[in-house]
Amino acid sequence: MITVHDYCLFLLVMAGVTYLLRAVPFVLLKGKIKSRFWRSFLAYVPYTVLAAMTVPAIFYSTDSKLSGVCALAAAVIASLLGRGLVGVAVIACITVLGIDGLTLLL
Amino acid sequence: MTFSDGVKGGLPIGLGYFAVSFSFGIAGSKLLSWPLVTFISMTNLTSAGQFAGLQIMADAAGTFIEMAIATFFINLRYSLMAISLSQKVAPNFGTFKRLLLATGITDEIYALAVSQTEPVTARYFAGLMVLPYIGWSSGTLCGAVCGEILPAVVTNALGVALYGMFVAIVVPQMKAHRPTLIAVLIAVVCSFAFKFVPALSGVTVGFAIIICALVASLIGAALFPVKDEEESA
């Protein structure tokens with residue numbers, strides 16, 4: 001558990017940086033970034049960030065590694081089959097609940 | 001493009017946000033009390049950024065610098081969207097209104113706003129923000145309260161929803177765009193290295209995510225520069 005004091009400072013940093021990232025270019029910039037390299041870099045960032053945040057953290061977020069691995073596999077398959085955000089999320093949850101629930105009962 | 005047009009447009013986003021932020025609330029309830037978790041969502045309105053922020057808060061070695069750098073890189077895409085949106089807005093969408101409504105620039109709200117054929121007015125954009133903001137905040141509140149009540153086996157299962165959503169964002173793009181597939185695989189290999197290579201295990205979670213994303217995105221940009229029409233995806 002962190003202290004309320006530290007929480008406030010973390011929150012200030014997080015919310016402040018996020019707001020400035022949105023507001024400063026929205027207010028100031030009218031033109032397009034010219035460098036193709038940096039445009040490309042920015043286009044890849046969201047996906048590489050999400051990938052690095054998900055793997056391997058998902059394996060350690062549940063009661064067992066087995067359920068974490070299965071949740072990731074189920075989510076990838078559901079997504080490849082064309083399910084949307086909520087559908088994939090629900091399938092991942094059910095997978096974990098099923099495996100960890102069964103393990104608990106057995 | 002009235003305020004109520006915007007509110008109607010934002011309904012599906014608001015419902016989706018409720019579901020996703022519910023799992024953020026659950027994740028947050030393991031570290032913070034429910035009012036504190038909810039306040040993060042009310043002041044940030046960003047999924048991946050908040051989630052990484054929570055991981056840094058949970059890490060005893062996490063620092064404010066790390067929080068600033070992680071938030072910066074994870075949310076840098078909002079700057080791109082803000083630039084893009086600034087080309088689309090109506091002439092009377094002035095500086096003060098932009099400062100007030102900039103928080104509404106999220107992946108989904110932005111995508112909906114720029115897909116309109118007419119210029120985006122401040123009223124319409126404000127309307128668009130309403131239900132997603134309420135959905136995101138109230139979903140977090142419900143998740144955080146439930147997280148304190150429900151047994152661990154249920155909250156762990158619900159907590160996976162956020163990862164599921166990340167997968168649902170990344171996988172379709174990997175399928176459609178081969179360079180993204182390669183960049184994502186580089187990020188994943190890099191992320192495993194920070195977890196399992198002893199020499200790298202001292203690096204904190206936030207910096208590990210930043211380094212993985214930077215390395216993978218720089219390699220991606222160097223090897224496979226994207227064409228203009230690919231960026232909107």
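Two residues are in contact here if their C-beta atoms, placed from the backbone, lie within 7 Å. The model is predicted. With that in hand, start at one residue. Leaving aside its neighbours within four places in sequence, B:Ile209 is in contact with A:Val49, A:Ala52, A:Met53, B:Ala52 and B:Ala70.

## The nonpolar cores

B:Ile209 also stands among the residues with the most contacts inside the largest nonpolar core. Helix 9 of chain B, residues 152–176, supplies its largest share, 13 residues.

## Where the chains meet

Chain B puts 80 residues in contact with 65 residues of chain A. Which helix gives the most to the side of chain B that touches chain A? Helix 9 of chain B does, with 20 residues. By class, this side of chain B has 55 nonpolar, 20 polar and 5 charged residues.

B:Gly164 shows the meeting of the chains at one residue. B:Gly164 lies in helix 9 of chain B. Its contacts, leaving aside neighbours within four places in sequence, are with A:Ala75, A:Val88, A:Ala89, A:Ile91, A:Ala92 and A:Cys93. B:Gly164 has 32 C-beta neighbours inside 10 Å, so it counts as buried.

## Two domains in chain B

The domain assignment of chain B gives domain 1 (3–169) and domain 2 (177–233). Taken over C-alpha atoms, their centres are separated by 23 Å. Their contact takes 11 residues from domain 1 and 8 residues from domain 2. On the side of domain 1 that touches domain 2, helix 3 (47–58) and helix 4 (64–74) of chain B each give two or more residues. Helix 4 of chain B gives the most, with 5 residues. This side of domain 1 has 7 nonpolar, 2 polar and 2 charged residues.

In helix 4 of chain B, the buried residues are B:Glu66, B:Met67, B:Ala70, B:Thr71, B:Phe73 and B:Ile74. What covers them? The cover includes helix 1 (4–28) and helix 2 of chain A, together with helix 3, helix 5 (76–86) and helix 11 of chain B.

Helix 10 of chain B has 19 residues, 178–196. At 1.5 Å a residue it should span 27 Å, and its end C-alpha atoms are 27 Å apart, which agrees. Its buried residues are B:Thr180, B:Ala183, B:Val184, B:Ile186, B:Ala187, B:Cys190, B:Ser191 and B:Phe194. Why do they fall on the same side of helix 10 of chain B? They cover an arc of only 155° around the axis, which puts them there. On the other side of helix 10 of chain B, B:Arg178 and B:Phe196 are exposed. The buried residues of this helix pack against helix 2 (36–54) of chain A, together with helix 9 and helix 11 (205–223) of chain B.

## Pairs set apart in sequence

| Pair | Apart along the chain | C-alpha separation |
|---|---|---|
| B:Leu100 and B:Ile182 | 82 residues | 39 Å |
| B:Gly164 and B:Val20 | 144 residues | 9.4 Å |

B:Leu100 is found in helix 6 of chain B, residues 95–101. Is B:Leu100 buried or partly exposed? With 13 C-beta neighbours inside 10 Å, B:Leu100 counts as partly exposed.

## Backbone details

Two loops deserve a look. The peptide bond from A:Val55 to A:Pro56 is cis, with omega near 5°. A:Pro56 lies in the loop between helix 2 and helix 3 (65–80) of chain A.

In chain B, turn to B:Leu45. Phi of B:Leu45 is near 50°, a positive value in a residue other than glycine. B:Leu45 is found in the loop between helix 2 (34–44) and helix 3 of chain B. With 26 C-beta neighbours inside 10 Å, B:Leu45 counts as buried.

Technical notes
Residues numbered from 1 in each chain as written. Chains lettered and ligands numbered in written order. Predicted model: local features only at pLDDT ≥ 70, side-chain atom pairs only at ≥ 80, totals over all residues. Core = buried A, V, L, I, M, F, W, Y, C linked by C-beta atoms within 7 Å. Buried ≥ 20, exposed ≤ 12 C-beta atoms within 10 Å, placed from the backbone. Helix = DSSP H or I, 4+ residues; strand = E, 2+ residues; numbered from the N terminus. Nonpolar A, V, L, I, M, F, W, Y, C, P; charged D, E, K, R; others polar. Domains from an automatic or database assignment. Expected span 1.5 Å × (residues − 1). Arc of directions from axis to C-beta.
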